[in-house]
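Hi,

Here is the structure I promised to pass on.

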Amino acid sequence: MRSGRRMENYSGRGPAVPDRVREWFGPHTTSAADWPLDALLLAKGPVTVSVVLPARDEQETVGEIVSIIRRDLVDAVPLVDEIVVVDSRSTDATAAVAAAAGARVVHQDAVLPGLPPLSGKGEALWKGLAASTGDLVVFADADLRNFGAHFISGLLGPLLTDPRVQFVKGAYERPLKGPGGVVQRGAGGRVTELVARPLLNLFWPELAGFVQPLGGEYAARRRVLEAVPFVTEYGVEFGLLVDLLERVGLDAMAQVDLGSREHSSQSIAALGKMSGQIILTAWSRLERQGRLVSSEPPATALLQFAPDLSTAVSDVAVAERPPLMSVVREAVARGPEVKEDVA
Ligand SMILES: O=c1ccn([C@@H]2O[C@H](COP(=O)(O)OP(=O)(O)O[C@H]3O[C@H](CO)[C@@H](O)[C@H](O)[C@H]3O)[C@@H](O)[C@H]2O)c(=O)[nH]1
Ligand SMILES: O=C(O)[C@H](O)COP(=O)(O)O
């Protein structure tokens, strides 16, 4: 593995970074600039790469993202072999825009149609995994507003050059657009900072060195992704980190600094629901790991208040898809036709 970044402390006081995290961070954290395209192409050989973009109502951004990947990583250099957009029940022109830009579009509910449909981002990713074929799979959100090809090539660097690496997560600075469009550097990622990072530090401190544990840009070897469950909704990234830690160990996980990442922010109410889904995902992993024994399952209804104190109740329950490998094995045992793509 390349030599990476040193971990800097904000101040010398207070509790120290755990040795395990500090030792991991340096050699396992690189920057996109460390992975030039010519070096990646040399390393690629016969390995195939799929980019999978989950998209629900992303007609404003998905076209440009697909076009950039096509132009820079398919036409200019043969780094990416397929671009799959998973249309996640969009009600806008996402599917048409993505197809016009050169992606293969699959509809979330049309992949593995024999299974009862589930919902949310985790389901879109799992279906995208089923509908794609590359040895390496790169996931990226379809709502990025400052997308560049380095988001994809950077994530591929450690996987193409080091056989020990199984999973690579994007790291970045996240600006937040506040009232009046004023951009605050480093203020984005509110669920990350208020929910996910504290949960990880408290219960899976080995994962504390991941700069953006919830980020939607990450890549992995197909065989590893097919061997772990996918939590539905917005629990998917948290669940994958915890499950992959258990399956492959921290030293097979890496991160790459991709610079700055801008996306379309959701409302506080929507982020509250996302937080509920992440907390329930953490709960499920604590239970599964035998670290929490409860007499009753958590409630899954979230009551929220508007400024006029009117109320809304939503269900923040998450479900789970089993490792894709087990589903494909079962389907093969049953007979042909496991996948269907509908453009
Ligand atoms: O039902 C859904 C919901 C979202 N998406 C897509 O998933 C991506 C990320 O969704 P978004 O609503 O933009 O999530 P964020 O508010 O940005 O949430 C952050 O935190 C989430 C929880 O970890 C991660 O899933 C996201 O990738 C990460 O950007 C986008 O392309 C969406 O179109 C779907 O495909 N189906
Ligand atoms: O990852 C997160 O924490 C959520 O997507 C919220 O991000 P935001 O605060 O940048 O909107």
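Which residues are around ligand 2? They are Arg174, Leu176, Gly188, Gly189, Arg190, Val191, Thr192, Leu214, Ser265 and Leu271, counting a residue as near if its C-beta atom, placed from the backbone, lies within 6 Å of the molecule. Helix α7 (residues 190-203) gives the largest share of that shell, three residues. By class there are four nonpolar, four polar and two charged residues (Ala, Val, Leu, Ile, Met, Phe, Trp, Tyr, Cys and Pro count as nonpolar, Asp, Glu, Lys and Arg as charged, the others, Gly among them, as polar).

Bear in mind that this is a predicted model: local features need pLDDT of at least 70, side-chain atom pairs count only at pLDDT 80 or more, and totals for chains, interfaces and linings use all residues. Residues are numbered from 1 along each chain as its sequence is written, while chains are lettered from A and ligands numbered from 1 in the order in which they are written.

Now the strands (DSSP runs of E, at least two residues; helices are H or I, at least four; both numbered from the N terminus). β3 (residues 82-87) pairs in parallel with β2 (residues 49-55) over six bridges; pairing takes at least two DSSP bridges. Serine 50 sits opposite glutamate 82 of β3. On the way from β2 to β3 the chain passes through helix α3 (residues 62-75), a right-handed β-α-β crossover (clockwise from the first strand over the helix to the second, with the strands pointing away from the viewer). β3 also runs parallel to β4 (residues 104-107), joined by four bridges, with valine 85 opposite valine 105.

Cheers
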